[in-house]
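Here is a note for a colleague who is opening this structure without having seen it before. The points are numbered so that each can be checked against the model.

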Amino acid sequence: MGRQIGQRLISLVIILFGLSILTFGLTFLLPSGPVEQVIEKMGITPDPEVIAELKHEYGFDQPFLVQYMNWLKGVVKGDLGFSVLNNDSVNAILSRRLPNTVRLASASFALMVLIAFPLGILSAVFRNRTADYIIRFMSFIGVSIPNFWFGMILIWVLGVRLRLLPVSGSIGWKSLVMPALTLGITNSAYYVRRIRAVMSEQLSEEYISGLRSRGLSDRRIIIAHVLPNSLLAVITMLGMSFGSLLGGTMIVETIFSWNGIGKAAMEAVTGRDYALVQGYVLWMGCIYVLVNLLVDIIDQFLDPRIRRAMSNR
Amino acid sequence: MSSYRKKAWMRFSLFMFLAVLFVLFALLAGFLAPKDPLTTDYGHMLEKPGAGHLFGTDQLGRDIFSRILHGGRSSLLIAFAVTGIVAAVGIFLGTAAGYAGGILDGVIMRICDTLMAFPGIIFTVALVSFIGTGLPNLILAMSLTSWTGYARISRALVLSVKNNVYIEQARLGGASGLRVLGVYIIPNILPSLLVNISQSIGSNLLTISALSLLGLGSPPPTPEWGLMLSEGKNFIYNAPWMLIFPGMVILVCVVIFNLLGDSIQDLMNPRENIY
């Protein structure tokens, strides 16, 4: 167990290192350097001498690794740079807007689980019966539907036609409903299919016929044996689907004008506010990595084989 | 041929036919479209779907049906291109990693891990924002970020065939590493990858549309499905058809390619039909 955690931590460090290199490396993809960008934005005709001077002052003339180390020192201290667009530090903007994204993501996540579990279980239990066909059809459409389009259709039906909910904004629970529905429903579809697959696999195992021959009821077999055995695989998938949830927040926040960090990032993209884009990427990467680490740890505690090995110590 | 296989073949033929049909629509848009996709007509702005305009007109009086047909080029065909590039890069790197092992394997897989540590679309958006918007850059960014899935799967597949006797024999016969990869390994694992390729045409189409919707793809007058949606959203109150039809077409295309992938899976591996 200790060894496993050690290995996991080493790969975590490697991934975080890779994340930081990639994020920092983005700057070098700019068609012109960061100094030129700022000067152009200020509307001044770039004077080569001034540019060279500024480059020297900010350390842009140093080799990649030195620049990276300087940048990393700042990042570790919590300095991700300055957002030209918002006239504030990147960290301040992101932490101010993060709660909104967390609210949206957790509401969507809860919805996703609430939809996916019952439907996935039903579908597996009533395999190849009417309920299963309906659920499979719906989840197939759900997997294929563009989440941005689904969101727009929701806006049109619930907001424009029925006038039940505000079409955009991020104030009050009412404006949370549609973005959360969009993300929750579209993400749950994939999950329904996976839960059905995992449970079907369990249901065709030999121990099921063993339990049946011992006279256990189907309900008891499913609740006491199939569900716990499927849970592990399902939780691992939860961690993976969290990534598409985070990616989805960026699109859905933009469509619904939900004031989270995804919308801030999209504004930064259109406004060429590179520091903010970088900060967003780094934050999202870290959140995603940490969530997956958490899922891994939960997995290991849920797996009786590993748990037993631990208590034997 | 068993009845199961017969059914699987029939399904495969049907979805293949539909897929080819949609590709033909996109290729022949110039002949099939009733109107020019770019010609504005201020006498017929925001017109409802009807006899003159099958899917209605947009805010500039352009025919939405014609725009959707032409949009197939910058949406569906680009999805094909991206899938081709991504699959080629991913399969090559993955098989190389699996076959060579050692340091090369370690480096490629760590790069994979790192890229996969960014949630899907986010790193692509960041890349596009740094290298600049527009279709070529969009394709480049998507290719740089999404080869990882292929690399992982093909690496696993290589590891499973690598120790077969025929590989050993080829090597004893003096075939070089690249030749063993290209002639013996890749053709062997390619069929297993077809399912992924077909399904990622659908998901790449979704990503391209999403990025165009966010304004990172082709610039405005271009008929592109995602872009049409973002324009349509501004007219949601008086012209909902502007966002219903382009989205519907995206959905139908994704459904077709996902079903095609499923049917290939059924054909090749009937036992795994648990979905």
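1. Two residues are taken to be in contact if their C-beta atoms, placed from the backbone, lie within 7 Å. On that basis Phe126(A) touches Ala131(A) and Asp132(A), leaving aside residues up to four places away in sequence. Please keep in mind that this is a predicted model.

2. Phe126(A) sits in the loop between α5 and α6 (130-144) of chain A. Is Phe126(A) buried, exposed or partly exposed? A residue is buried with 20 or more other C-beta atoms within 10 Å of its own and exposed with 12 or fewer; Phe126(A) has 14 and is therefore partly exposed. In space, Phe126(A) and Ser200(A) are 10.0 Å apart, C-alpha to C-alpha, while 74 residues separate them in sequence.

3. The loop between α5 and α6 of chain A also holds Asn128(A). Asn128(A) is exposed, because 9 other C-beta atoms lie within 10 Å. Its backbone deserves a look: Asn128(A) has a positive phi of about 60 degrees, although it is not a glycine. Most residues other than glycine have a negative phi.

4. A further positive phi, of about 50 degrees, is found at Ser257(A), which is not a glycine either. Ser257(A) lies in the loop between α10 (218-256) and α11 (261-270) of chain A. Ser257(A) has 14 C-beta neighbours inside 10 Å, so it counts as partly exposed.

5. Within chain A, how do helix α5 (residues 90-125) and helix α12 (residues 274-302) cross? Their axes come within 10 Å and cross at roughly 55 degrees, and α5(A) and α12(A) are therefore oblique to each other. The crossing of α5(A) and α12(A) is right-handed. On the α5(A) side the contact involves Val90(A), Asn91(A), Ile93(A) and Leu94(A), which meet Ala275(A), Leu276(A), Gly279(A), Tyr280(A) and Trp283(A) in α12(A). By class, the residues of this contact are 7 nonpolar, 2 polar and no charged.

6. In chain B, the axes of α3(B) and α4(B) come within 7 Å and cross at roughly 140 degrees. That angle makes α3(B) oblique to α4(B), and the crossing of the two is left-handed. The contact is formed by Leu93(B), Ala96(B), Ala97(B), Gly98(B) and Ala100(B) from α3(B), together with Gly102(B), Leu104(B), Asp105(B), Ile108(B) and Met109(B) from α4(B). Sorted by class, there are 7 nonpolar, 2 polar and 1 charged residues in the contact of α3(B) with α4(B).

7. The largest nonpolar core has 132 residues, and those with the most contacts inside it are Ala265(A), Val277(A), Tyr280(A), Val281(A), Ile122(B), Val125(B) and Leu205(B). Helix α3 (residues 64-100) of chain B gives the most to this core, with 14 residues. Beyond residues up to four places away in sequence, Ala265(A) touches Met250(A), Leu276(A), Val277(A) and Tyr280(A).

8. How many residues does each chain bring to the contact between chains A and B? Chain B contributes 37 residues and chain A 41 residues. On the chain B side, the elements that give two or more residues are α4 (102-116), α5 (120-131), α9 (177-213), α10 (225-233) and α11 (241-268). The largest share, 9 residues, comes from α5(B). By class, the side of chain B that touches chain A has 25 nonpolar, 9 polar and 3 charged residues.

Notes. Residues numbered from 1 in each chain as written. Chains lettered and ligands numbered in written order. Predicted model: local features only at pLDDT ≥ 70, side-chain atom pairs only at ≥ 80, totals over all residues. Core = buried A, V, L, I, M, F, W, Y, C linked by C-beta atoms within 7 Å. Helix = DSSP H or I, 4+ residues; strand = E, 2+ residues; numbered from the N terminus. Nonpolar A, V, L, I, M, F, W, Y, C, P; charged D, E, K, R; others polar. Axes fitted to C-alpha atoms, helices over the stretch in contact; angles between N-to-C directions. Parallel < 35°, antiparallel > 145°, perpendicular 65-115°, else oblique. Left-handed = near helix turned anticlockwise from the far one by under 90°.
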